[in-house]
Amino acid sequence: MSLRAVKPQHETRTRILDAAEELFMQHGFEGASMRMLTAKAGVNLAAVNYHFGSKHALIEAVFRRRLDPMNVARIAALDKLEAEAPGRVLAAESIIRAFIGPGLRMIEDAKGGGRNFIRLLGRTYTEPAKSIRALIGHLYAPAMERYKAAFERALPQMPREELVWRIYFMFGTLAYTLAATDTVQLIAGCKPEDRYDARLLEERLAAFLTAGLNAPLKNTIRKAA
């Protein structure tokens, strides 16, 4: 196949993914119809079927396009930290920054669609689409296992069950920060423009999450553990 033939096919696939990402973000997975998709992408249904085969496969491709590189970046950041400190225990804050950084940088990507995707990701936590949440869990799993092990080494005094809950709270805080950017406007004193400043968000989130992970255990929690 010639390069001339390959390039249009690649561009068509990208147009379909871009259109699907925006439509799913705006209308939800059920609300975005294939007719809406073909109209926005400027393709026919045959092209969608050729590249993806089904709507479910298209949804998976939309998530993989963004989440696979994000998780690769997260694992690479953790690899770098561990390589720079051989044999030493990493600080919890360093691990947190390595984890939250790739997602926060995506929120600054308005032209490339990263910001749309982050808002789409937020819908998955509110829409009753079990198959999609299962897909996201599957895509996150390798990175989450690496980070969970890193936190266990960084916080050996923390009971395992309690640490799992705190990591869960950390993940939820990050997800809401990324996906619910409009909510900050409801809180007096917050600057709306700060919601898309990845550097500033990282500083604020890292401080908040580090304090939460390192917070002393309450006696009631100790007894339950």
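Helix 4 (residues 55-84) packs against helix 7 (residues 130-154) at an angle of about 5°, and their axes lie 9 Å apart. Here axes are lines fitted to C-alpha atoms, for helices over the stretch in contact, and angles run from 0 to 180 degrees between N-to-C directions. Helices are DSSP runs (H or I, at least four residues), numbered from the N terminus. Helix 4 and helix 7 are therefore roughly parallel to each other. That class takes angles under 35 degrees; over 145 is roughly antiparallel, 65 to 115 roughly perpendicular, and the rest oblique. By class, the contact of helix 4 with helix 7 has 15 nonpolar, 4 polar and 8 charged residues. Ala, Val, Leu, Ile, Met, Phe, Trp, Tyr, Cys and Pro count as nonpolar, Asp, Glu, Lys and Arg as charged, and the others, Gly among them, as polar.

The model is predicted: local features need pLDDT of at least 70, side-chain atom pairs count only at pLDDT 80 or more, and totals for chains, interfaces and linings use all residues. Residues are numbered from 1 along each chain as its sequence is written, and side-chain values use heavy atoms, with hydrogens and water left out.

R146 sits in helix 7. Its C-alpha atom is 9.5 Å from that of R74, 72 residues away along the chain. E21 belongs to helix 1 (residues 3-31).

| Residue | Relative accessibility | Class |
|---|---|---|
| R146 | 26% | partly exposed |
| E21 | 2% | buried |

Contact means heavy atoms within 4.5 Å. Leaving out residues up to four places away in sequence, R146 touches I75, L78, D79 and E82. With neighbours within four places set aside, E21 contacts V62, R65, R66, G113, N116, F117 and L120.

The structure holds 1 cavity of 30 Å³ or more. A cavity is a set of points, on a 1 Å grid over the protein atoms alone, where a 1.4 Å probe fits but cannot get out; lining residues have an atom within 4 Å of a point. The largest cavity has about 100 Å³ of space. Of its 13 lining residues, L121, Y125, Y140, A175 and L178 are the closest to its centre. Helix 4, helix 6 (114-123) and helix 8 (160-179) each give two or more residues to this lining. Helix 8 supplies the largest share, 5 residues. The lining divides into 10 nonpolar, 2 polar and 1 charged.

Definitions and conventions
1 Å grid on protein atoms, 1.4 Å probe; cavity = no way out; pocket = protein on both sides within 12 Å on 5 of 7 lines; lining within 4 Å. Points joined across faces, edges and corners; volume = space filled by probe spheres on them. Buried < 20%, exposed > 50% of the residue type's maximum accessible area, 1.4 Å probe, protein only.
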